[in-house]
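Welcome! Please take a moment with the sequence and the 3D view below, and then follow the notes one topic at a time.

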Amino acid sequence: MRYKSIFISDVHLGTRGCSADELCDFLKNNTAENLFLVGDIIDGWRIKKKWYWPQSHSNVIRRILTSAKRDTKVCYILGNHDEAFRKFLSFELVMGNISVCNEREYIGVDGKKYLVIHGDFFDSLMLDKKWLMHIGDSV
């Protein structure tokens, strides 16, 4: 199937609970003009503690890169689990058909304007008590 846009969030590559095979199958069978990866695609918190990266996780990355090569515009919007990159990103970084940013404006097929952003910007725990979020992530 071909769509105008596909939005994917909270994949958490780098964790054992990630459904990488299912996502890879979805990306293989569905294409879009735009692919929005809306935060926490790679789980930097977990990888920082213990490295876990099976072939299936690399297959997802390969499938995304192949989509970009075939003219899908890929937009990676950072989330709290990949927030380490935010300090290096004061602007949108564009590499071919792939962009990395903190937020993106999107105009839907209905003509309405939407703000695409990961929800951690609105999570009071992430803003005020990040230490509590890290404790919760470790269990």
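In this predicted model, the cover over the buried residues of helix 1 includes strand 1, strand 2 (31-38) and helix 3 (55-69). The buried residues in question are Ala 20, Leu 23, Cys 24 and Leu 27. They line one face of the helix, because their directions fall within an arc of 100° when you look down the axis of helix 1.

**The other side of helix 1**
- Which exposed residues does helix 1 carry on the face turned away from its buried side? Look there for Asp 21 and Glu 22.

**A closer look at Ala 20**
- Ala 20 has its place in helix 1, and with a relative accessible area of 2% this residue is buried.
- Beyond its neighbours within four places in sequence, Ala 20 is in contact with Leu 13, Ser 56, His 57 and Val 60.
- Ala 20 and Ser 56 are 36 residues apart along the chain, yet their C-alpha atoms are separated by 5.7 Å.

**His 12 in its loop**
- You can find His 12 in the loop that runs between strand 1 (2-8) and helix 1 (20-29).
- Is His 12 buried or exposed? His 12 has 17% relative accessibility, so it counts as buried, the cut-off being under 20%.
- Setting aside neighbours within four places in sequence, the contacts of His 12 are Cys 18, Asp 40, Ile 41, Asp 43 and His 81.

**Aromatic rings**
- How many aromatic pairs does the structure hold? There are 4.
- One of them is the stacked pair of Phe 7 and Phe 36, with 4.7 Å from centre to centre and 5° between the planes.
- This pair ties together parts that are 29 residues apart in sequence, because Phe 7 lies in strand 1 and Phe 36 in strand 2.
- Phe 7 counts as partly exposed at 40% relative accessibility, whereas Phe 36 counts as buried at 4%.
- Phe 7 also pairs with Tyr 106: the ring centres are 5.3 Å apart and the planes stand at 85°, so this pair is edge-to-face.
- Since Phe 7 lies in strand 1 and Tyr 106 in strand 6 (residues 103-107), the pair ties together parts that are 99 residues apart in sequence.
- Tyr 106 is buried, its relative accessible area being 11%.
- Taken together, Phe 7, Phe 36 and Tyr 106 form one aromatic cluster.

Conventions. Residues numbered from 1 in each chain as written. Predicted model: local features only at pLDDT ≥ 70, side-chain atom pairs only at ≥ 80, totals over all residues. Heavy atoms only, no water. Helix = DSSP H or I, 4+ residues; strand = E, 2+ residues; numbered from the N terminus. Buried < 20%, exposed > 50% of the residue type's maximum accessible area, 1.4 Å probe, protein only. Contact = heavy atoms within 4.5 Å. Arc of directions from axis to C-beta. Phe/Tyr/Trp six-rings, centres within 6.5 Å; stacked < 30°, edge-to-face > 60°.
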